[in-house]
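Thanks, everyone. Let me put the structure up, and then we go through the sheet and the charged side chains.

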Amino acid sequence: MKDAFGAPQSLLVLGGTSEIALATARRLISLRTRRVWLAGRPSPALDAAAVELRDRGADVRTVAFDALDPGAHEEVLGKVFAEGDIDVVLLAFGIAGDQARDEEEPLAAVRVAQTNYTGAVSAGLVCAGALQAQGHGSLVVLSSVAGERARRADFIYGSSKAGLDTFAQGLGDALQGTGVQVMVVRPGAVRTRALAGQPEQPLSTTPEAVAGAIVTGLRRRSETVWVPGALRVVMSALRHAPRPLFRRLPV
């Protein structure tokens, strides 16, 4: 349960090495979150993330979780919830893929879709059911502006995020009145280590900025969060641009 100051005391991260997720965890720990679960594939990076958060004062545990193994999601995540209530679940896993390669190798494209959409639907429903059973909690889903409209440059990734975004919105509607909040987060290009050295895109953001927006959104019980906020207006215009015009835009 949240503490007397309204801050969540427990956090489950699905995608425990995500830079956005870890930035969010750090911010929440500074606001009194004390118990953190990092779910992801076992790796030195996952272990290092757990050590860093422990050094910040949190009780951190790791759990082996694979987005591509939905058959195990109910058992793996059920064990986490059996340890005690979870105030916030952050669904932060996903892969960008490689558009050019994925167009040539359909199985690679399928992997993007299965990770970003199928795996998220499975894990999202399992966590939503557990949150509903405990009677409270927030499910934060990392979507992307790439899902707002198909672009030639990343339509495989964008289509997977579009499906995830629609799923999360519908899940939020289904959970109205249950005490469970679903919040969709739509960042623009995020300047992570993976993008180091690449040209900066317009209206790009940082993991820390996304983390700040997530924490503010949780406090306000927002349903949708754009990062940066100006993207809401920009995407509203782009969403309705005629396709011949949209194809010529440098987006």
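Start with E4. Which residues point one way from E4, and which the other way? Val88 and Leu90 go one way, Val89 and Leu91 go the other. All of them are buried. Keep in mind that this is a predicted model.

Now the sheet around E4. It is open, with 7 strands in the order E3-E2-E1-E4-E5-E6-E7, and the pairing is parallel. The edges are E3, residues 59-64, and E7, residues 224-227; each pairs on one side only. On average, neighbouring strands are turned by 15° against each other, direction ignored.

Some pairings in detail. E1, residues 10-14, pairs in the parallel sense with E2, residues 35-40, over 5 bridges. E1 also runs parallel to E4, joined by 4 bridges. Leucine 11 stands opposite valine 36 in E2, and opposite valine 88 in E4. On to E4 and E5: parallel again, 4 bridges. There, leucine 91 has valine 141 of E5 as its bridge partner.

Next, charges. The structure holds 12 salt bridges.

One: arginine 26 with glutamate 52, 3.1 Å, N to O. Arginine 26 sits in helix H1 and glutamate 52 in helix H2, so the pair ties together parts 26 residues apart in sequence. Arginine 26 is partly exposed at 21% relative accessible area. Glutamate 52 is partly exposed too, at 25%.

Two: arginine 152 with glutamate 103, closest N and O atoms 2.6 Å apart. That links the loop between E5 and H6 to helix H4, 49 residues apart. Arginine 152 counts as exposed, at 58%. Glutamate 103 counts as partly exposed, at 33%.

Arginine 186 is in strand E6, glutamate 148 in the loop between E5 and H6, 38 residues apart. Arginine 186 is buried at 7%, and glutamate 148 is buried at 17%. Shared partners join Glu148, Asp165, Arg186 and Arg239 into one salt-bridge network.

Last, arginine 149. Its place is in the loop between E5 and helix H6, residues 155-174. How far away is the nearest side chain of opposite charge? It is glutamate 148, at 9.7 Å. Arginine 149 is buried, yet has no salt bridge. What does its side chain have instead? A polar atom of that side chain lies 3.4 Å from the backbone oxygen of arginine 239. Beyond its sequence neighbours within four places, arginine 149 contacts Leu238, Arg239, His240, Ala241, Pro242, Arg243 and Phe246.

Terms used. Residues numbered from 1 in each chain as written. Predicted model: local features only at pLDDT ≥ 70, side-chain atom pairs only at ≥ 80, totals over all residues. Heavy atoms only, no water. Pairing = 2+ DSSP bridges. Helix = DSSP H or I, 4+ residues; strand = E, 2+ residues; numbered from the N terminus. Axes fitted to C-alpha atoms, helices over the stretch in contact; angles between N-to-C directions. Buried < 20%, exposed > 50% of the residue type's maximum accessible area, 1.4 Å probe, protein only. Lys, Arg positive; Asp, Glu negative; His and termini not counted. Salt bridge = Lys/Arg side-chain N within 4 Å of Asp/Glu carboxyl O. Polar contact = N/O pair within 3.5 Å; in protein donor to acceptor, adjacent residues only side chain to side chain. Contact = heavy atoms within 4.5 Å.
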